[in-house]
Amino acid sequence: MDSGILTYLIRQGQLQSEEIDEVLNRKSGLLGISGVSSDMREIQDAINKGHARARLAFDIYVHRLQAGIGAMVAVLGGIDALVFTAGIGENSPEVRAAACSPLEFRGLKLDPVANANTSSDGDIATADSRVRILVIRAQEDWAIARECWKLMRA
């Protein structure tokens, strides 16, 4: 989004700062594009029912993910492992497959059976893949607890 649109909407009196915050933080992204939800599981259900805007939201999400991965691969000069984690990374084999498919030229070979059947903390690459493709449970609760412990001890 062009950031100038925000100041334009304020100047035109169409949206107040609280409303802009609501639009940016609660009504944009997957929800704004799909018109269905910000939850990838619901987006994928809608895609399965033929919902065109849900398909568009999925495609944009994957495109941005691929662009981010591609940029990191370029900056690093290659990768040894690609790790999927957190909500979508851990739980969406469709997103993982779509993100990996254009990277096969870099040696990533996704095992479709392992990808479809992994729960967490698994390697979903084929045995002959030059790049490991991992699904790792995020464990945000432990990270938060560790940071709280550090603050309390300081």
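Colleague: Where is Thr126 found, and does it count as buried or exposed?

Modeller: In this predicted model, Thr126 is found in the loop between β2 (122-123) and β3. Its relative accessibility is 18%, and the cut-off for buried is under 20%. Thr126 therefore counts as buried.

Colleague: Which residues is Thr126 in contact with, leaving aside its neighbours within four places in sequence?

Modeller: Contact here means heavy atoms within 4.5 Å. With those neighbours left aside, the contacts of Thr126 are Lys109, Leu110, Asp111 and Arg132.

Colleague: Which residues of helix α7 are buried, and what do they pack against?

Modeller: Helix α7 covers residues 93-100, and its buried residues are Val95, Arg96, Ala98, Ala99 and Cys100. The elements they pack against are α4 (40-48), α5 (52-76), β1 (81-85), α6 (86-91), α8 (112-117) and β3 (132-136).

Colleague: In the largest nonpolar core, which residues touch the most other members?

Modeller: This core has 14 residues. At least two of its residues come from each of α5, β1, α7 and β3. Apart from it lies another core, of eleven residues, including Leu30, Met40, Ala57 and Val62. In the largest core, the residues that touch the most other members are Ile69, Leu82, Phe84, Cys100, Leu108 and Ile133.

Colleague: What is Ile69 in contact with, leaving aside its neighbours within four places in sequence?

Modeller: Ile69 is one of the residues that touch the most other members of the largest nonpolar core. Beyond its neighbours within four places in sequence, Ile69 is in contact with Leu82, Ala99 and Leu103.

Colleague: How is α4 oriented relative to α5?

Modeller: The axes of these two helices come within 8 Å and cross at roughly 130°. That angle makes α4 oblique to α5. As for handedness, the crossing in which α4 passes α5 is left-handed.

Colleague: Which residues of α4 and α5 meet, and how many of each class are in the contact?

Modeller: From α4 come Met40, Ile43, Gln44, Ala46 and Ile47, and from α5 come Ala54, Arg55, Phe58 and Tyr61. By class, the contact has seven nonpolar, one polar and one charged residues.

Colleague: What is the phi of Ala86, and what is the phi of Gln139?

Modeller: Most residues other than glycine have a negative phi. Ala86 is in helix α6 and counts as partly exposed at 26% relative accessibility. Gln139 lies in the loop between β3 and α9 (140-153) and is partly exposed, with a relative accessible area of 32%. Neither is a glycine, yet phi is positive at about 65° for Ala86 and about 55° for Gln139.

Key
Residues are numbered from 1 along each chain as its sequence is written. This is a predicted model: local features need pLDDT of at least 70, side-chain atom pairs count only at pLDDT 80 or more; totals for chains, interfaces and linings use all residues. Side-chain values use heavy atoms; hydrogens and water are left out. Buried means under 20% relative accessible area, exposed over 50%, partly exposed in between (1.4 Å probe, protein chains only). Helices (H or I, at least four residues) and strands (E, at least two) are DSSP runs, numbered from the N terminus. A nonpolar core is a set of buried Ala, Val, Leu, Ile, Met, Phe, Trp, Tyr and Cys residues joined through side-chain atoms within 4.5 Å. Axes are lines fitted to C-alpha atoms, for helices over the stretch in contact, and angles run from 0 to 180 degrees between N-to-C directions. Angles under 35 degrees count as roughly parallel, over 145 as roughly antiparallel, 65 to 115 as roughly perpendicular and the rest as oblique. A crossing is left-handed if the near helix is turned anticlockwise from the far one by less than a right angle, and right-handed if clockwise. Ala, Val, Leu, Ile, Met, Phe, Trp, Tyr, Cys and Pro count as nonpolar, Asp, Glu, Lys and Arg as charged, and the others, Gly among them, as polar.
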